[in-house]
Amino acid sequence: MINFIICDDKVEILSSVKEIIAKVMMKNNYAYKIHSFTEYDQGFYKVMNQRLSNKIYILDIETKHSSGIDVARKIRIKDVNSVIIFLTSHDELGSVLLRDEIMFLTFINKLDNYKKRLASAIRKSVQVIGKSKILRFEHHGAIFTIPEKDILYITRDAVERKIIIVTDTTEFKLSKPLNEMLKILGDDFKFSYRSCIVNTSRINLIDKRNKKIIFDTGIQCDYVSSHYIKELLSCD
């Protein structure tokens, strides 16, 4: 899932950006969601602080009450992977961006053919996300992309004979063997039970007595076997 988080205090620009995103994304099979705001308010910060996968920010560099540059600095405190695209009517602020270490994809002037440039920037952003360490799969006709770091564990549903991928925010069911998944995923993924693979980089605590794994989000997994605990502890 690609999450577009856009903010612009002009409703007409906001509507135009949504249309551009829809046109670009129509040409591929990636699932996506748009989160739109007219100001950097509590709703914006709530989405910003959520552990959503594949974030692409399209930010107004200056709204009536806030600075998009300051917001981008806040984003980068905890998030260095999301793509940031700036929109502005103030070319003079470009020099401020170039001096800062925000790590943004591009700076687009709303008064200079911005629709074409924004469409190009969105395509490049999707390419950037596609090159990161992700798990890509098809589900109900849409192609989902999940950063490996967002996966907590993967277990097997014996009834439906499918695997369940558990992430920070949701679950996915796929018809794929666990052993095949382990070959696809990186070295951080290990068996914790014969029917469960866990992301060791996300483990906060292994409770050997109660046979539980507690992840950094507080989510617990009780698919733990003594046979695998030693290897899991060596990953700490």
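Predicted model: local features only at pLDDT ≥ 70, side-chain atom pairs only at ≥ 80, totals over all residues.

Q: How many bridges join β14 and β15, and in which sense do they pair?

A: Strand β14, residues 212-215, pairs with β15 over 2 bridges, and the sense is antiparallel.

Q: Which sheet do they belong to?

A: They belong to an open sheet of 3 strands with antiparallel pairing, in the order β13-β14-β15. Its edge strands are β13 (203-207) and β15, each of which pairs on one side only.

Q: Is Ser-225 buried or exposed, and why?

A: Ser-225 counts as buried because its relative accessible area is 19%, and the cut-off for buried is under 20%.

Q: Which residues does Ser-225 touch?

A: Leaving aside residues up to four places away in sequence, Ser-225 touches Ser-192 and Tyr-193.

Q: Changing topic: what does β1 pair with?

A: One partner is β2: β1 (residues 2-7) and β2 (residues 32-37) run parallel and are joined by 6 bridges.

Q: How many residues of β1 are buried?

A: The strand is mostly covered, with 6 of its 6 residues buried. Ile-2, Phe-4 and Ile-6 point one way from β1, while Asn-3, Ile-5 and Cys-7 point the other way, and all are buried.

Q: And the chain as a whole, what is the buried share?

A: Of the 236 residues in the protein chain, 48% are buried. The accessible surface comes to about 13,000 Å², and carbon and sulfur atoms account for 48% of that surface.

Q: How many helices and strands are there?

A: The protein chain has 7 helices and 15 strands. As for its contacts between residues at least 6 apart in sequence, 53% join residues at least 24 apart.

Q: Now the largest pocket: how much space lies in it, and which residues are nearest its centre?

A: About 700 Å³ of space lies in the largest pocket. The lining consists of 31 residues, and those nearest the centre are Leu-52, Asp-79, Asn-81, Ser-82 and Lys-149.

Q: Which elements give two or more residues to that lining?

A: They are α2 (42-49), β3 (55-60), α3 (68-78) and α5 (114-131). The largest share, 4 residues, comes from α3.

Q: Why does Arg-123 count as partly exposed?

A: The reason is its relative accessibility of 43%, since partly exposed covers the range between the 20% limit for buried and the 50% limit for exposed.

Q: How far is Arg-123 from Met-25?

A: Their C-alpha atoms are separated by 8.4 Å, although Arg-123 and Met-25 are 98 residues apart along the chain.

Note on methods. Residues numbered from 1 in each chain as written. Heavy atoms only, no water. Pairing = 2+ DSSP bridges. Buried < 20%, exposed > 50% of the residue type's maximum accessible area, 1.4 Å probe, protein only. Contact = heavy atoms within 4.5 Å. Areas by Shrake-Rupley, 256 points an atom, 1.4 Å probe, with all protein chains shown as cover. 1 Å grid on protein atoms, 1.4 Å probe; cavity = no way out; pocket = protein on both sides within 12 Å on 5 of 7 lines; lining within 4 Å. Points joined across faces, edges and corners; volume = space filled by probe spheres on them.
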